[in-house]
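Subject: Structure handover and side-chain contacts

Hi there,

Here is the structure I promised to pass on, with some notes on its side-chain contacts below. Please have a look at it first and then read on.

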Amino acid sequence: MEELCFYERQRLSPWLLILPLLLLLGISIMTLQGNVFAMLGVLGTVLFTVLLYFFMNMHTFIDENGLTIKMFPAIWKRKHFAWDEIAGAYVRQYKPIMEYGGWGYRTNTVKVKSANNKLLRFSFQKDVAYNMRGDIGLQLVFKDGRKILIGTQKPEELDELLDKLITKGIIHPLEE
């Protein structure tokens with residue numbers, strides 16, 4: 001019997017770390033000469049950022065029971081989404097900055113307006129994205145209307161698994 005599972009571990013792009021840190025170090029060395037405490041503060045910040053970068057990662061596991069995601073340090077515990085609470089799923093291209101404000105654990109704020117175009121309220125966490133890099137992800141649409149996007153670097157492999165889960169009747173197909 002064919003095993004239906006998908007696993008992916010992602011890390012941030014190294015350029016998201018290297019370029020800003022080199023810039024920070026260069027500016028600090030030029031402007032803080034002689035100020036030992038300020039230099040120690042900058043070096044401590046750089047060290048903390050480097051450590052955070054190396055620990056930050058996202059794990060995605062999908063099987064016949066559902067989808068489990070862990071994104072350390074943003075999410076300490078694993079989050080599991082069962083297929084019976086999901087209306088459908090598909091792989092899509094998205095715009096990380098325009099749709100969610102960047103990479104990482106992101107929520108998108110939905111503005112609710114009345115008929116006369118006055119702002120009634122903000123609805124938070126209607127759409128959520130878990131992404132580390134790139135612009136392709138698995139879009140989950142829940143039966144209660146929520147949407148969650150999970151970034152991937154393996155779209156073809158994920159598409160194949162979704163096709164198999166659809167064929168077995170475990171999930172339902174949805175289009176963009």
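**What turned up around the rings and charges**

R146 sits over the face of F142, 4.2 Å from the ring centre. A charge is taken to be over a ring if NZ of Lys or CZ of Arg is within 6 Å of the ring centre and within 35 degrees of the ring normal. K154 also lies over a ring face, that of F6, at 6.0 Å from the ring centre.

Before the rest, two notes on how to read this. The model is predicted, so local features need pLDDT of at least 70 and side-chain atom pairs count only at pLDDT 80 or more, while totals for chains, interfaces and linings use all residues. Residues are numbered from 1 along each chain as its sequence is written, and side-chain values use heavy atoms, with hydrogens and water left out.

**Salt bridges**

How many salt bridges does the structure hold? There are 4, a salt bridge being a side-chain nitrogen of Lys or Arg within 4 Å of a carboxyl oxygen of Asp or Glu.

R146 comes up again here. Its side chain meets that of D144 in a salt bridge, 3.0 Å from N to O. R146 also forms a salt bridge with E85, where the closest N and O atoms are 3.8 Å apart. E85 lies in the loop between β4 (79–82) and β5 (86–93), and R146 in the loop between β8 (136–142) and β9 (147–151), so this pair ties together parts that are 61 residues apart in sequence. Strands are DSSP runs of E, at least two residues, and helices are runs of H or I, at least four, numbered from the N terminus.

For accessibility, buried means under 20% relative accessible area, exposed over 50%, and partly exposed in between (1.4 Å probe, protein chains only). D144 is exposed at 55%, whereas E85 at 32% is partly exposed, and R146 at 30% is partly exposed.

Another salt bridge joins E64 and K168, with the closest N and O atoms 3.6 Å apart. Because E64 is in the loop between β2 (57–63) and β3 (66–72) and K168 is in the segment after α4 (155–167), the pair connects parts 104 residues apart in sequence. E64 is partly exposed at 34%, and K168 is partly exposed at 43%.

**Aromatic pairs**

Rings of Phe, Tyr and Trp (its six-membered ring) pair if their centres lie within 6.5 Å; planes under 30 degrees apart count as stacked, over 60 as edge-to-face and the rest as tilted. By this rule there are 3 aromatic pairs. One of them is F81 with F142, edge-to-face at 5.5 Å centre to centre and 70 degrees between the planes. F81 belongs to strand β4 and F142 to strand β8, so the pair ties together parts 61 residues apart in sequence. F81 is buried at 8%, and F142 is buried at 2%.

Y105 and Y130 form a tilted pair, with 5.3 Å between centres and 40 degrees between the planes. This pair links distant parts of the chain: Y105 is in strand β6 (residues 104–113) and Y130 in strand β7 (residues 119–131), 25 residues apart. Y105 is partly exposed at 32%, while Y130 is buried at 2%.

Best wishes
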